[in-house]
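These are my notebook entries on one structure. I went from single residues out to the whole chain.

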Amino acid sequence: MDKNFLWGGATASYQCEGAWDVDEKVPSMWDVYLHENDLENGDVASDHYHRYEEDIRMMKEGGQNSYRFSLAWPRIIKNKEGDVNQKGLDFYHKILDTCKKYDIEPFVTLYHWDLPQYWEETGGWLNHEVCAAFEHYAKVCYEAFGDKIINWTTFNEPKWFVANGYMIGNYPPGFQDPQKTMIAAYNVMYASALGVKAFREGGYKGQIGIVHSYTPVNGVDDSIDTRIAMRYADNYCNNWILDTAALGEFPIDLISVLAKDYDVSFMKADELKVIKENTVDFIGLNYYSRTLVKPYTGGETQLSFNHSGKKGESKVLIKGWFEQVKDPNNETTEWDTEIYPKGLQDGLIEAWDRYHLPIYVTENGVGVREDVTVDQVNDDYRISFMNDHINAIMNAMDQGADIRGYYAWASFDLYSWKNGVEKRYGLVAVDFEKEQKRTPKASYYWFKDMIESNGEKIQRREFD
Ligand code: NOJ
């Protein structure tokens with residue numbers, strides 16, 4: 001591996017910081033949605049707000065050289081008028097200075113889903129004004145942190161928060177409305193391009209990208225019908241983010257299909273030009289699994305998610321487009337995620353062939369229930385998961401893909417949105433019941449050894 005390869009873990013502001021109303025932070029849409037619906041929330045989460053020093057020190061002691069985290073817009077911008085909260089900036093300066101102290105390269109996301117509630121109240125991502133507000137927020141961050149951060153990304157996983165928030169309805173704002181989904185998707189991609197534009201115009205050092213929840217698409221066979229279903233699935237799952245951010249164009253076949261049934265007049269020529277002219281420098285890919293599809297054979301659209309951790313509750317079928325199926329030969333987690341490292345190798349090669357941009361694997365991990373009251377969590381399943389996925393990355397690099405970093409999700413246990421803290425991903429166990437005690441899991445030490453061996457410790461294999 002190149003000596004500049006970034007090895008680290010990732011987190012997100014809402015999922016780990018806690019301190020939800022401290023130091024003049026205003027509520028995010030998640031604060032309000034979870035409070036109002038009386039759901040498990042991230043009010044305290046992993047209390048990273050107060051424990052960041054220990055957390056970042058542990059990254060260093062774990063051999064890592066980078067930390068991917070996000071900035072919270074509602075900590076930094078107080079209101080619709082765009083006033084800045086100096087205390088919010090101060091907090092991230094402390095994080096960044098601690099990274100510097102421990103020689104950890106920050107890799108920073110501007111938006112990991114915590115929209116300020118004052119914007120949600122005006123329509124959130126359905127309100128076009130929020131795009132300019134995001135641009136303002138981005139500029140404030142570039143100005144404040146531009147000399148401390150060289151790796152920026154605009155959005156984390158547009159597919160996930162847009163589809164879940166506006167189409168499936170399991171995330172705030174909880175709509176199930178295709179027209180709204182399209183408007184929110186467009187506004188987010190336009191806002192991302194505005195963020196890139198502001199970065200370029202400001203002449204800041206470093207590079208800027210976007211992070212996508214990448215799920216490469218496979219078909220059940222080679223038939224024409226399956227190939228058509230695969231293209232629909234790829235447009236739904238991947239292309240509207242990656243093509244738009246990396247090539248500057250929404251997939252034309254997706255737009256023409258949608259235009260038959262929906263109003264697409266919200267897409268404006270001058271804004272499409274901004275998108276075309278402000279593509280990203282690199283792509284960040286979060287990989288958990290692929291999507292295996294078969295042709296649509298009938299039935300209404302069904303999109304359900306497993307938030308219970310009881311196998312068999314998820315279903316993805318889009319009327320007229322495709323149906324997702326399970327491969328019975330592969331293991332899945334309790335939350336129905338198929339474990340399929342080959343998908344990462346294939347997907348990286350596909351993304352490299354298509355976009356020819358540097359790639360960072362910005363998240364990869366396995367979510368499970370774990371007893372953290374023991375002396376050390378022996379998470380051999382996580383070790384083998386990480387080994388196989390890093391092996392997949394190395395195979396893709398051997399085939400020419402330009403991959404520059406790997407981030408385990410997550411640096412430490414944190415709050416997993418609608419799955420609460422029960423679903424654990426961390427390299428470090430957090431005992432949420434017991435004063436937030438941190439204890440490295442076996443995977444943390446394995447990761448350290450592997451990084452120190454510069455990848456030599458990975459058990460290599462070709463996939464069938
Ligand atoms: C994707 C998201 O970026 C993160 O917020 C989430 O918790 C993990 N993947 C695990 O599902």
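I looked up the contacts of Asp243 beyond four places in sequence and found Gly248, Glu249, Pro251, Arg354 and Tyr355; a contact here means heavy atoms within 4.5 Å. Asp243 sits in helix H10, residues 224-247. Helices (H or I, at least four residues) and strands (E, at least two) are DSSP runs, numbered from the N terminus. Asp243 has 9% relative accessibility, so I put it down as buried. For the cut-offs, buried is under 20% relative accessible area, exposed is over 50%, and partly exposed lies in between, with a 1.4 Å probe and protein chains only.

A note on the source: this is a predicted model, in which local features need pLDDT of at least 70 and side-chain atom pairs count only at pLDDT 80 or more, while totals for chains, interfaces and linings use all residues. Residues are numbered from 1 along each chain as its sequence is written, and side-chain values use heavy atoms, with hydrogens and water left out.

Next I took Thr11. I found it in the loop between strand E1 (6-10) and helix H1 (13-16). Its relative accessible area is 1%, so Thr11 is buried. Beyond four places in sequence, its contacts include Cys16, Tyr67, His112, Trp409 and Leu414. Thr11 and His112 are 101 residues apart in sequence, and their C-alpha atoms are 9.5 Å apart.

Then Lys423. It lies in the loop between strand E13 (403-409) and strand E14 (428-431). Is Lys423 buried or exposed? It is buried, with a relative accessible area of 8%. Setting aside residues within four places in sequence, I listed Trp335, Gly367, Val368, Leu414 and Ser416 as contacts of Lys423. Leu414 is also among the contacts of Thr11.

I checked the cysteines. The structure holds zero disulfides, a disulfide being a pair of cysteine sulfur atoms within 2.5 Å. For Cys16, the nearest cysteine sulfur is that of Cys99, 12 Å away. Cys141 has its closest cysteine sulfur in Cys99 too, at 15 Å, which is too far for a bond. Cys16 is buried at 1% relative accessibility, and Cys141 is buried at 0%.

I turned to the backbone. Most residues other than glycine have a negative phi, and most peptide bonds are trans. Which residues does a cis peptide bond join, with omega about 10°? They are Pro172 and Pro173. Pro173 is in the loop between helix H8 (158-168) and helix H9 (178-202). I also noted a cis bond from Trp409 to Ala410, with omega near 10°. Ala410 is in the loop between E13 and E14.

Two positive phi values went into the notebook. Ala19 has phi of about 45° and sits in the loop between H1 and helix H2 (29-36). Asp336 has phi near 70° and lies in the loop between strand E11 (322-324) and helix H13 (341-355). Ala19 is buried at 8% relative accessibility, and Asp336 is buried at 13%.

Last, the whole protein. I counted 15 helices and 15 strands. Of the 464 residues, 61% are buried. Among contacts between residues at least 6 apart in sequence, 76% join residues at least 24 apart. The C-alpha atoms fill a box of roughly 55 × 55 × 45 Å along the principal axes.
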